[in-house]
Each structure stands twice: as C-alpha cells, then as structure tokens.
Amino acid sequence: MKWTPADIEKFEKSPEYVDTAVVPLFPVSFANGMKETAAMTEFTSLLTSQLERQLQGRILLTPGFSYLKSSRFPVVEQLKDWETDMLDKQFNHVFYVTSDSDWKQHEAMLQGTLLWIPSLPLQHMDEKAKQSVMEDQIRQLMNLFIQKWRDAEAE
Amino acid sequence: MSKDRVSRRQFLNYTLLGVGGFMAAGMVMPMARFAIDPVLKANASGDFVATKVKVADITEEPQRVDFKFDQVDAWYESEETGTAWVYKNENGEIVALSPVCKHLGCTVDWNADEKNQNMFFCPCHYGLYEKDGTNVPGTPPLAPLDVYPYQEKDGILYLGKAQPREGA
C-alpha cells in the first residue's frame, strides 16, 4: 500500500494483514556527488514502487526518508525514531531499501532489515532493457521478503 | 478589350466576397471540426489493447502476458504495464486472468508454491486459486480472479478491461 489517503483507508480496515513497512532511504547532497545521490534516489524509488505493486497487500510503502549526506546531525538516530514508532504499532517487519552504501555501517544499530542494492545506470538504458533489468531485480527482492515472512512464521 | 468589361464596382464586390468567404470559412471550419470530433475519433477496437502474443502460441500452460496501455491519472498521463495469465482451457477456449489477488491486491503467480502445484498462488497471505481462477475456500481471497474479455484480430490477442466475477 502506498502513502495515499485511499490506501491508508484500506490499511485501517484490515491492519492485521499489513505487517511490513518498507522505508526507502534517499540520500541528498548538494556538493559533489549530487548526481550520484540523484541516481540512487531515482533507482530506489523506482524499485520500491514496483515492489509495492507486487506485494501491495502486505507491505506499506512509507514516504521516502530523505537525508542530507553531509548532515552534522546523526541521521541514524532519526531513522531509529521512525523504527521504534513503526515496531510499536502493528508492524512486525521493517525493511529499509537504499542504494547508499553508508548505511551498511549502521546496519547493526537498526532492528529492521537493511537491503542495500547498488544503483544501476538507468539513464543509459533504453526502455526495454530498463524494464527487464528492473523486473529481474524486483523478483529477487521479492524473494527476500517472502523468505523473511516464511522464516518468521516458522518460528 | 472584350465587350463585357468588369466594372470597378463588380471587381471590388468579387474580391470582397472571395476574401470574406475565406475568412468566414477559417472561423467556421475549426468550430465544425470540434463539434464533430467525437464522431471522427471512435476507433474500431474500443478499449481493447493489443498484446504481443499470437493466438496460435497460447498453450494449456498459463503464460504471463504483458501489455501496455495509456492511463490518465488526473493531469498525469503515463504508460502502464498490465499483466494477464493466458492459457487455453480443455475446450480450447482462451482464458485471460488478471494477476491481481482479490484479497488485497498482490500479484499472484502461477505454480509458485511447491505444495500447491498447478494453482495460482499469492505470496502475501498464501491465497490460492484454481487454474480457472476460482478462489480456494479457506484461503484469504473471497472472489475468483478477474477475467479479461479478449478478441482475436489478425492472429494477435487483444485484451479488454478485466471484469470481476461472482465469488465461490
């Protein structure tokens, strides 16, 4: 489900079925690396929105968590704030999807699952190649989700 | 000099008439075009969208068929990809099922669960559908999968808008 009033309404009707929150992490930089962060943001948002289409009955796609890459304030703390709130509510699983490898260092601080997917140079691909590449990525990503759900249910 | 000379008055009259006529036509023509536009626009196939699949290539095993259609979302027009599961049933009729789970809208997959062979399977809450799209009682979905109306034209499969069916 998306972060739209219509979907949230559906979510509130049957919250017991939607137990997974997906938070895309979007890096923003205005110094050098501006283009890279833009590419990462584009890739992550495309990936998560496609993923939402496939698994919309069980995941809630939150608005992207955008952060300044050169921020003087600890970004992880802020995300942990989100996480605590989400886990306190009905969500059993929280997934973070990002292309920014910096998050790998902070993975241990987070309870949710961090999925780091290196971004692909989509702007240089034609429409058809883009589609098949994305489809492939999404299929693999979906399996991670399904596996995680299965594992949690087996426990 | 010919006998019937055109007088200055006549000449001016003709010219004015000609130019005036053109101007009037220039104004009326677009209006008329706008007025009858819906008539000219009607396309033969209606809302049916062409897929890349040849009818002859459809087997008894459901295959995924992607097709593209334009969708207008308020002011934003985008090209959406639709998907259908297409196969021929025992009677040789084409069946095109929507992959959208009737429970909460996840995408169902054919034959994806080892425990439930030859069924449509929803990975989100383990909903099951028979090959003909009927929901299996006891699993979350309460209605069968939607069916696309289809047309065959020049050997190519055309799909319409998915229609819901009554629950099992």
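I began with the charged pairs, and I found that the structure holds 11 salt bridges over all its chains. I note at the outset that this is a predicted model, and I read each entry below with that in mind.

**Entry on chain A pairs.** I looked up Glu107(A) and found its side chain meeting that of Lys104(A) in a salt bridge, at 3.1 Å from N to O. Glu107(A) counts as partly exposed at 29% relative accessibility, and Lys104(A) also counts as partly exposed, at 39%.

I then turned to Arg139(A), which forms a salt bridge with Asp136(A), with 4.0 Å between the closest N and O atoms. Both of these residues belong to helix α5 of chain A, where they sit 3 residues apart, about one turn of the helix. Arg139(A) is partly exposed at 43% relative accessibility, and Asp136(A) is partly exposed as well, with a relative accessible area of 38%.

I also noted a network of salt bridges in chain A, which links Asp19(A), Arg58(A) and Glu153(A).

**Entry on a chain B pair.** Which residue forms a salt bridge with Asp146(B)? I found that the partner is Lys102(B), and that the closest N and O atoms are 2.8 Å apart. Asp146(B) lies in the loop between β7 (127–129) and β8 (150–153) of chain B, while Lys102(B) lies in the loop between β4 (94–97) and β5 (109–110), so the pair ties together parts that are 44 residues apart in sequence. I recorded Asp146(B) as buried, at 13% relative accessibility, whereas Lys102(B) is partly exposed, at 30%.

**Entry on the negative patch.** On the surface I found a patch of negative charge in which Asp126(A) and Glu127(A) gather with Asp70(B), Glu77(B) and Glu79(B). I followed up Glu77(B), which is found in strand β3 (residues 76–88) of chain B, and which is exposed, with a relative accessible area of 54%.

**Entry on Phe145(A).** Is Phe145(A) buried or exposed? I found that Phe145(A), which lies in helix α5 (residues 127–154) of chain A, is buried, because its relative accessible area is 0%, and buried means under 20%. Leaving aside its neighbours within four places in sequence, Phe145(A) is in contact with Thr20(A), Val22(A), Leu51(A), Leu55(A), Ile59(A), Phe95(A) and Leu115(A). I also checked Leu47(A), which is 98 residues from Phe145(A) along the chain, and found their C-alpha atoms separated by 14 Å.

Methods. Residues numbered from 1 in each chain as written. Chains lettered and ligands numbered in written order. Predicted model: local features only at pLDDT ≥ 70, side-chain atom pairs only at ≥ 80, totals over all residues. Heavy atoms only, no water. Patch = residues over 30% accessible without salt bridge, like charges linked within 9 Å, V, L, I, M, F, W, Y side chains within 5 Å. Areas by Shrake-Rupley, 256 points an atom, 1.4 Å probe, with all protein chains shown as cover. Lys, Arg positive; Asp, Glu negative; His and termini not counted. Charge placed at Lys NZ, Arg CZ, Asp CG, Glu CD. Helix = DSSP H or I, 4+ residues; strand = E, 2+ residues; numbered from the N terminus. Buried < 20%, exposed > 50% of the residue type's maximum accessible area, 1.4 Å probe, protein only. Contact = heavy atoms within 4.5 Å.
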